[in-house]
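I opened this model to go through its confidence, its interface and its charged pairs. My entries follow in the order in which I looked things up.

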Amino acid sequence: MKTNHNIHELISTLIDNESTSPKEDAARIQDNPALEKQQQQYREIGRIIRTLDAPDPSGNFVEEVLARLPQKKHYNVLRLSFTLVTAAILLLAFSVGIYQLLPNKIPDSPNSDASLAAINMPTRMHLDVPESVLLSFQAEIIRDNGLWETLDRFEAIPEESLLITLANMTASEEAAYDSESKEMLTTMPLWDTWPMTTSPSFFDAFLLLETLNNAEVTAFNDLLRGSLATT
Amino acid sequence: MAETDDWKLITQAAGGDMNAFTRIVRRYQKPIVQFCYRMTGSQSDAEDIAQESFVRLYKALNRLRPDNPFPTVLFSIARNTALNHIRSTQRHYRRIKAYKENYPKRSTTQPDKNAQTSDIAVALETALETLSPEHKEVLVLREYHGFEYQHIAKILACPVGTVRSRLARAREQMRQHLMTYGKGAL
C-alpha cells in the first residue's frame, strides 16, 4: 500500500514539475505502460478541473464587503469618550469620598456635644459655595495645602479668635471672588478654574467650618456679616 | 495571479486608504469566490465566506507582513474561513445534492460540446465532493488556481511533504472514482 502511494506521489509530483529527481522518475514511468496511463489520467483530471464552471462574484460584491467592515474610527472615538467619561466619574467619586471622610477626622470643639453637632451640622449654603466647586476639588490639593497642620494650629487658639480669623479669611476670598468673577464667568464656568486658582486658605477654612455646631455657626455668620459690611 | 503592488496596496490600506483596500477586493474577488465555491459547493455560502474573508483581511491589515506572496495570505484566510464554515454548519455530507441542484443553472460557452462535457463535469464534480476538505483544497489550489507546492504549504500551514502526499492521494481517489462511476470520463 505504501509502495502504491509512493508511486502515486511520484506521478503526481512529476506532472506538477515538483519532482526532486525528474529524469529518474520520468524514466521509471516510461518503462511501465500502466504508470504511463495513470499519469495521463492524472493530467486529464487536472484539465477537466480547470474547465469546471464556477460562479462569478455578484455585481455588488465589493459594496457588500465595504458595508461589512468595522467602523474603526467611530469605534475608537466612542471608546475614547467612554474611557474619559468613566475616568471623570471615578475621579469625581473618589474626590467626594475623600471630602466626606475628612470631617470625621477633625476633632469636635471642646464645648460642643458630639451627637448634637452631628444632627445640627451646618449646610454648605452658609458660604454660598457651589456644590460643583467642592466636587471638583481634588484630594491631592487638600493634602498639599497642609490642611492637617492648619487644623492642629487652630486647636491651640481660643475659639473666638478662630471664628474671627475664619471670617476675615472668608471675607477676603469673597472680595477677591467678586473682583474676578465677571471676567471668569464670561469665558468659562466658574467651577472649571476656581479651585485651582483660589488661595488654599479659603478651602482650609471652609472645611474647618464643617466641624462647627449651630451656636458657633450663628456666631460666625454674625461676624461674617459685620466683616463683609466693612469690606 | 500575484501582482507586484499587492503589498503596496495593503500598506496603503493599513494606513487608512480605503481606495487601496477596494482595489484589493476587486482584484481578488473572483478567485476567492470560486475557491470558496469549490470548498462549499454553494454559491450563496461561497459569496458570504468570501466577503467574510475580506473583512478578516481588513481587520488584520496592521498585522500583515510581506514575508510571502500576498495571494497565499489571502487564500489562507479564505481557506480557514471556509473550513470553519464547513465544520460549523456540517454541510459536508449534503453537498453532493447541492451540486446536482446547482449544475443545470450554469451555462457553457460551447454548445456543441455540451453533452459530453456536462457528463464528464458532473462526474468530476461528484468525485470532488467525495474528497475530504483537506484533500479537496489541495487539489483545487493546485489544479484550479495553479499554486506551487511551497505556496500551498504556506496557505495550509503545513510542510511541503504533506502537500505532496495529500495531492497524490486526492488525485488517485479521483481517478478511482471516475474509473468506477465516470462513464468513460477517463
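**Confidence.** Where pLDDT is low, the predicted coordinates should not be read in detail. For the model I noted ipTM 0.80 and pTM 0.57.

**Conventions.** I number residues from 1 along each chain as its sequence is written, and chains are lettered from A and ligands numbered from 1 in the order in which they are written. As this is a predicted model, local features need pLDDT of at least 70 and side-chain atom pairs count only at pLDDT 80 or more, while totals for chains, interfaces and linings use all residues; side-chain values use heavy atoms, with hydrogens and water left out.

**Interface.** I looked up the contact between the chains and found 34 residues of chain A touching 49 residues of chain B. The buried area is about 4100 Å², with carbon and sulfur atoms giving 62% of that area; the term stands for the accessible area (1.4 Å probe) that two parts lose on being put together, summed over both. Across this interface I have 17 residue pairs in polar contact, both residues at pLDDT 80 or more; such a contact is a pair of N or O atoms within 3.5 Å, where within protein one must be able to donate a hydrogen and the other to accept it, and residues adjacent in sequence count only if both atoms are side-chain atoms.

Which helices of chain A each supply at least two residues of the side that touches chain B? They are helix 1 (2-15), helix 3 (33-51) and helix 4 (61-68), helices being DSSP runs (H or I, at least four residues) numbered from the N terminus. The largest share, 9 residues, comes from helix 3 of chain A. By class, this side of chain A divides into 15 nonpolar, 8 polar and 11 charged residues, with Ala, Val, Leu, Ile, Met, Phe, Trp, Tyr, Cys and Pro taken as nonpolar, Asp, Glu, Lys and Arg as charged, and the others, Gly among them, as polar.

A:Asp16 pairs with B:Arg171, the closest N and O atoms being 2.7 Å apart. A:Asp16 lies in the loop between helix 1 and helix 2 (22-30) of chain A and B:Arg171 in helix 9 (residues 160-181) of chain B, so the pair joins two chains. Both A:Asp16 and B:Arg171 are buried (under 20% relative accessible area, with exposed over 50% and partly exposed in between; 1.4 Å probe, protein chains only).

A:Arg68 forms salt bridges with B:Glu52 and with B:Asp48, the closest N and O atoms being 3.0 Å apart in the latter pair. A:Arg68 is partly exposed at 31%, and B:Asp48 is partly exposed at 37% relative accessibility.

Note on methods
Contact means heavy atoms within 4.5 Å. A salt bridge is a side-chain nitrogen of Lys or Arg within 4 Å of a carboxyl oxygen of Asp or Glu.
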